[in-house]
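Please consider the sequence and the structure shown below.

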Amino acid sequence: MRIVNLGSGSKGNCTFIQAGDAKILLDVGFTLAELIKRLQKIDERPENIDAIIITHEHVDHIKGLKQFVKKYDVRCYIHENIVNECFAGAADEYLDKVVKISTYSFGIDKLRITPCMVPHDSKVCLAYVFEYRNKKFSIATDLGFMPEEMMKLMAKSDLVYIESNHDKKMLLGCAYPYIIKQRIMGEHGHLSNDQAADIIVKLAKTGTRYFVLSHLSENSNTPEVAYLKSAKALENAGYILEKDVYLRYSRQDGPGNNFYFSESED
Ligand SMILES: [Zn+2]
Ligand SMILES: [Zn+2]
């Protein structure tokens with residue numbers, strides 16, 4: 001299994017996932033031209049993408065979707081309630097390429113994918129767990145708090161991408177209008193560094209070793225601040241960084257770290 005984030009944050013999100021021969025993009029939050037550039041950097045081509053999976057209908061997750069689907073033969077897995085929103089009201093033209101999903105698990109080749117509804121200020125927002133043979137990758141970004149159900153689904157993942165959007169103090173001190181700050185901090189907003197750190201420690205206790213802090217704000221966070229918060233929490237819980245657990249962060253201008261997990265046949 002190969003997993004690479006191609007960019008993460010409010011200016012665009014996309015993650016490349018390969019399981020066996022299946023190549024998948026999770027979200028298409030960049031224009032097609034930008035996405036092709038980023039795929040080139042990881043030696044991939046848009047025509048080789050088999051499927052797109054969408055988390056939610058915010059523009060930083062679907063910006064290039066229509067362009068991509070128009071040009072390439074690809075199947076799109078989208079929650080049934082946001083298909084129209086994802087295609088800006090012109091969904092009819094693309095329906096033959098859309099697979100409407102709900103919160104039931106589904107498969108792409110031998111990859112098993114389980115969506116989970118998370119609280120966010122969009123019509124629908126899904127976090128996902130990807131399982132291929134004996135490997136497990138989970139991703140949860142764009143959520144105000146972590147539902148217990150997703151916490152359980154993510155247990156024992158090999159790799160977790162978790163939102164670490166903002167530092168509360170930096171957010172309160174930044175130039176955003178107060179109403180925006182409230183939205184971000186609210187139950188349907190984004191996870192703070194504190195919330196991410198708490199979740200990471202809990203998941204480390206289930207055996208997860210690799211974490212990527214994701215969807216970092218450029219106005220109310222820095223990679224260093226986010227990293228230190230989770231690193232300290234892990235150390236306080238008795239984990240040694242770079243030995244017991246590995247902590248990384250994704251970048252808006254990606255691609256980020258390449259993760260390769262060898263899959264056993266059993
Ligand atoms: Zn987002
Ligand atoms: Zn969002």
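Along the chain, the donors of the zinc ion (ligand 1) follow the spacing D-H-x80-D-x72-H. Donors here are N, O and S atoms within 2.8 Å of the metal (3.2 Å for Na, K and Ca), and water is not among the atoms, so sites may look incomplete. This is a predicted model, in which local features need pLDDT of at least 70 and side-chain atom pairs count only at pLDDT 80 or more, while totals for chains, interfaces and linings use all residues; side-chain values use heavy atoms, with hydrogens and water left out. Residues are numbered from 1 along each chain as its sequence is written, and chains are lettered from A and ligands numbered from 1 in the order in which they are written.

The residues that coordinate the zinc ion (ligand 1) are Asp 60 (OD), His 61 (NE2), Asp 142 (OD) and His 215 (NE2), at 2.1 to 2.2 Å. The arrangement is irregular because the four donor atoms subtend angles of 94 to 160 degrees. Four donors count as tetrahedral if all angles lie between 85 and 135 degrees; four count as square planar and six as octahedral if opposite donors are over 155 degrees apart and all others between 65 and 115; anything else is irregular. Asp 60 lies in helix H2 and Asp 142 in the loop between E10 and H5, so this pair ties together parts that are 82 residues apart in sequence. Helices (H or I, at least four residues) and strands (E, at least two) are DSSP runs, numbered from the N terminus. Asp 60 counts as buried, at 10% relative accessibility; buried means under 20% relative accessible area, exposed over 50%, and partly exposed in between (1.4 Å probe, protein chains only).

The zinc ion (ligand 2) and the zinc ion (ligand 1) lie 3.5 Å apart, and Asp 142 coordinates both. His 120, in the loop between strand E8 (111-117) and strand E9 (126-132), is 22 residues from Asp 142. His 120 is buried at 5% relative accessibility, and Asp 142 is buried at 1%.

A cavity is a set of points on a 1 Å grid over the protein atoms alone where a 1.4 Å probe fits but cannot get out; a pocket is an open set with protein on both sides within 12 Å along at least five of seven lines, and lining residues have an atom within 4 Å of a point. The largest pocket has a volume of about 220 Å³, a volume being the space filled by probe spheres set on the points, which are joined across faces, edges and corners. Of its 17 lining residues, the closest to the centre are Ser 10, Asn 165, Arg 183, His 190 and His 215. Helix H2 (59-62) and helix H7 (178-185) each give two or more residues to this lining.

The whole structure holds two cavities of 30 Å³ or more. About 80 Å³ lies in the largest cavity, and its 14 lining residues include Asn 5, Asn 13, Thr 15, Ile 139 and Thr 141, which lie nearest its centre. The second largest cavity contains about 40 Å³, and Asn 5 is among its lining residues, as are Tyr 161 and Phe 259.
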